[in-house]
Amino acid sequence: MRIVQDSREKNPYLFPGHEVVVKGLRSGDYSVDGYEHEVAVERKEIQDAYGSIGGGRERFEAELVRLAQMKYAALVIESSLTSFLVAPAYSDLNPKAAIGSLLSWSVKYRLPVFFCDDRKHAQAVTLKLLQFFVKYRTQNDRS
C-alpha cells in the first residue's frame, strides 16, 4: 500500500515503513495510491479546525461535500474532545457551536469525526483507516 499525501499538506505525517507519494488530491490530505477517488482522510489541527468551521466554513463545507461522494472518508482532529472544547485564543467561535457543526456534518455527510489526543495518535488513526479501507476493498474485489 502506497500512501498518497496531498501536495498542499503543510505539516505532513510520517509513515515509517510505508512509501508515501506526494501529489495533488481533489479531496482530503491522505489517500491510497490507486484509490484516490474512493478514500480520503482530512486532517485538522485544532486551530485549523476552528478556522475551517468559522471563517472558512463555506470552503470547508464544499470539501465535505466532495468527501461525501467517496466510498469512505473521515475527518481526523489532532485534539481530544475535551481539549477541543477550549477554543484557541484567536477564535470567537463558541466551542459548543464548533462541536455542533462537526456532529451535524458527520450525519449530513456520513463523515466520521475522530478526535485523537494528539498528532501522534491522529497519525496512527489515519494510517489504520487507510489500511482497513484497502483490506476491505480488496476483500470485496475478490468476492
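## A buried glutamate and its partner

Glutamate 9 is buried in this predicted model, with a relative accessible area of 10%. Its side chain meets that of arginine 43 in a salt bridge, 2.5 Å from N to O. Arginine 43 also counts as buried, at 7% relative accessibility. Glutamate 9 sits in the loop between β1 (3-6) and β2 (20-23), while arginine 43 belongs to strand β4 (residues 39-45), so the pair ties together parts that are 34 residues apart in sequence.

## Other salt bridges

The count of salt bridges comes to 14. Glutamate 42 and lysine 44 form one of them, at 3.3 Å from N to O. Glutamate 42 is buried at 7% relative accessibility, and lysine 44 is buried at 5%.

Helix α2 holds a pair too: arginine 66 and glutamate 63 lie 3 residues apart, about one turn of the helix. Their closest N and O atoms are 2.4 Å apart. Arginine 66 is partly exposed, at 25%, whereas glutamate 63 is buried, at 9%. Elsewhere, a network of salt bridges links Arg2, Glu19, Lys23, Asp33 and Glu36.

## Two helices side by side

The axes of α2 (residues 57-68) and α4 (residues 95-108) come within 11 Å and cross at roughly 30 degrees. The two helices are therefore roughly parallel to each other, and the crossing is right-handed. Arg57, Phe60, Glu61 and Leu64 in α2 meet Ser101, Trp105 and Lys108 in α4. By class, this contact has 3 nonpolar, 1 polar and 3 charged residues.

## An arginine in a loop

Arginine 110 is found in the loop between α4 and β6 (113-116). Its phi is near 50 degrees, a positive value in a residue other than glycine. Arginine 110 counts as exposed, at 59% relative accessibility.

Technical notes. Residues numbered from 1 in each chain as written. Predicted model: local features only at pLDDT ≥ 70, side-chain atom pairs only at ≥ 80, totals over all residues. Heavy atoms only, no water. Axes fitted to C-alpha atoms, helices over the stretch in contact; angles between N-to-C directions. Helix = DSSP H or I, 4+ residues; strand = E, 2+ residues; numbered from the N terminus. Parallel < 35°, antiparallel > 145°, perpendicular 65-115°, else oblique. Left-handed = near helix turned anticlockwise from the far one by under 90°. Contact = heavy atoms within 4.5 Å. Nonpolar A, V, L, I, M, F, W, Y, C, P; charged D, E, K, R; others polar. Buried < 20%, exposed > 50% of the residue type's maximum accessible area, 1.4 Å probe, protein only. Salt bridge = Lys/Arg side-chain N within 4 Å of Asp/Glu carboxyl O.
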